[in-house]
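Here are some notes for a colleague opening this entry. Please read them alongside the sequence and the coordinates.

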Amino acid sequence: MEKCDECNKGIVEKKKVDYEVLGVNLGKFDAFVCANCGETIFDGKTMVEIEKKAKQQGVWGIAAKTTIGTSGNSLDVKIPKVIIEFLNIKKGQQVIIEPLDKKRFQVIVG
Ligand SMILES: [Zn+2]
């Protein structure tokens, strides 16, 4: 029996847990879960397995650099192909854009 490094109270148990990336469930993987705080740890071998599954499902490392351009009085953000394909968005589609803080914003696809 191992104690949890996070809360120092709970006992860590070996369990199969669901792993989700970008809303896509990749299945169940071996993990060590704290019965007290729920801290979930995957070992290195399992992380490699998760990464492999995520790549197969096309949900690994979907982030891309882009540049803000101008369009009349507003600015526009070019959306990279990898994002377009993942979100399945099209020209003319309405989205909601909102700031999350001073450095980040999100675009919600309706
Ligand atoms: Zn814990």
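1. In which loop is L22 found? In this predicted model, L22 is in the loop between strand 2 (11–21) and strand 3 (24–34). Its phi is positive, about 50°, although L22 is not a glycine. L22 counts as exposed because it has 12 C-beta neighbours inside 10 Å, and the cut-off for exposed is 12 or fewer.

2. N88 also needs a look, as its phi is positive, near 55°, and the residue is other than glycine. The loop that holds N88 runs between helix 2 (81–87) and strand 7 (95–99). N88 has 8 C-beta neighbours inside 10 Å and therefore counts as exposed.

3. On the overall layout, the chain is divided into domain 1, residues 2–56, and domain 2, residues 68–109. The C-alpha centres of domain 1 and domain 2 are 32 Å apart.

4. Helix 1 covers residues 44–56, which is 13 residues. At 1.5 Å a residue helix 1 should span 18 Å, and the end C-alpha atoms lie 19 Å apart, so the two values agree. After helix 1 comes G58, with a positive phi near 70°.

5. Strand 5 (residues 68–71) pairs with strand 6 (residues 74–77) in the antiparallel sense, over four bridges. S71 has S74, in strand 6, as its bridge partner. Two residues lie between the strands of this hairpin, and G72 takes a positive phi there, near 60°.

Technical notes
Residues are numbered from 1 along each chain as its sequence is written. This is a predicted model: local features need pLDDT of at least 70, side-chain atom pairs count only at pLDDT 80 or more; totals for chains, interfaces and linings use all residues. Domain bounds come from an automatic or database domain assignment. The expected span of a helix is 1.5 Å times one less than its number of residues. Two strands pair if DSSP finds at least two bridges between them. A residue is buried if 20 or more other C-beta atoms lie within 10 Å of its own, exposed if 12 or fewer, and partly exposed in between; C-beta atoms are placed from the backbone.
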